[in-house]
Amino acid sequence: GRGGKTVTTVHGVQGSEADLKALCQELKRRCGVGGAVKDFVIEIQGDHRDAIEESLRGKGMTVKRAGG
């Protein structure tokens, strides 16, 4: 569905769609890439797991990695 490109997804964030869009904007700025919110899932282009995890933990969120 993504044309073989790597995308980092963030699932399970509580809040309204506006809250998710604001968080998405912040993560895109931090990683210097594009991204979007689709069906309450934040998608960030590329493999930015470490930077996103650090940013979310800095906001006091509990982070659990899925997959490899």
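**Entry 1: the sheet**

I looked up Val37 and found that its bridge partner is Ile42, in β3. The model is predicted, so I kept to local features with pLDDT of at least 70 and to side-chain atom pairs at pLDDT 80 or more, while totals for chains, interfaces and linings use all residues. Residues are numbered from 1 along each chain as its sequence is written, and side-chain values use heavy atoms, with hydrogens and water left out. I took helices (H or I, at least four residues) and strands (E, at least two) as DSSP runs, numbered from the N terminus.

I then noted that β2 and β3 pair in the antiparallel sense over four bridges; pairing requires that DSSP find at least two bridges between two strands. I found that β1 and β3 also run antiparallel, joined by four bridges, and that Thr9 stands opposite Glu43 of β3.

In what order do the three strands form the open sheet? I read the order as β1-β3-β2, with antiparallel pairing. The edges are held by β1 and β2 (35–38), each with a single partner strand, so one side of each lacks a neighbour in the sheet. I recorded an average twist of 20° from one strand to the next. I also noted that α1 packs on the sheet and touches β1, β2 and β3, its direction making about 20° with that of β3. Here the axes are lines fitted to C-alpha atoms, for helices over the stretch in contact, and angles run from 0 to 180 degrees between N-to-C directions; contact means heavy atoms within 4.5 Å.

**Entry 2: side chains of β1**

I checked which way the side chains point and found that they alternate along β1. Buried means under 20% relative accessible area, exposed over 50%, and partly exposed in between (1.4 Å probe, protein chains only).

**Entry 3: the loop between β2 and β3**

I looked up Asp39 and Phe40, finding Asp39 in the loop between β2 and β3 and Phe40 in the loop between β2 and β3 as well. Asp39 has a phi near 50°, positive in a residue other than glycine. Phe40, also a residue other than glycine, has a positive phi near 60°. Asp39 is exposed, with a relative accessible area of 75%, and Phe40 is partly exposed at 49%.

**Entry 4: helix α2**

Which residues of α2 (residues 49–58) are buried? I found Ile52, Glu53, Ser55 and Leu56. Seen down the axis of α2, these buried residues fall within an arc of 165°, so they line one face of the helix; the arc is that of the directions from the helix axis to the C-beta atoms. In general, an α-helix has 3.6 residues a turn, so residues three or four places apart point the same way.

I noted that the cover over the buried residues of α2 includes β1 (7–10), α1 (17–31) and β3 (41–45). Ser55 has a relative accessible area of 10%. Neighbours within four places in sequence set aside, Ser55 is in contact with Glu26, Leu27 and Arg30.

On the face turned away from the buried side, I found the exposed residues Asp50, Glu54 and Gly58. Glu54 counts as exposed at 54% relative accessibility. From Glu54 to Lys38 I recorded 16 residues in sequence and 22 Å in space, C-alpha to C-alpha. Lastly, I noted that Gly60 follows α2 with a positive phi, near 85°.
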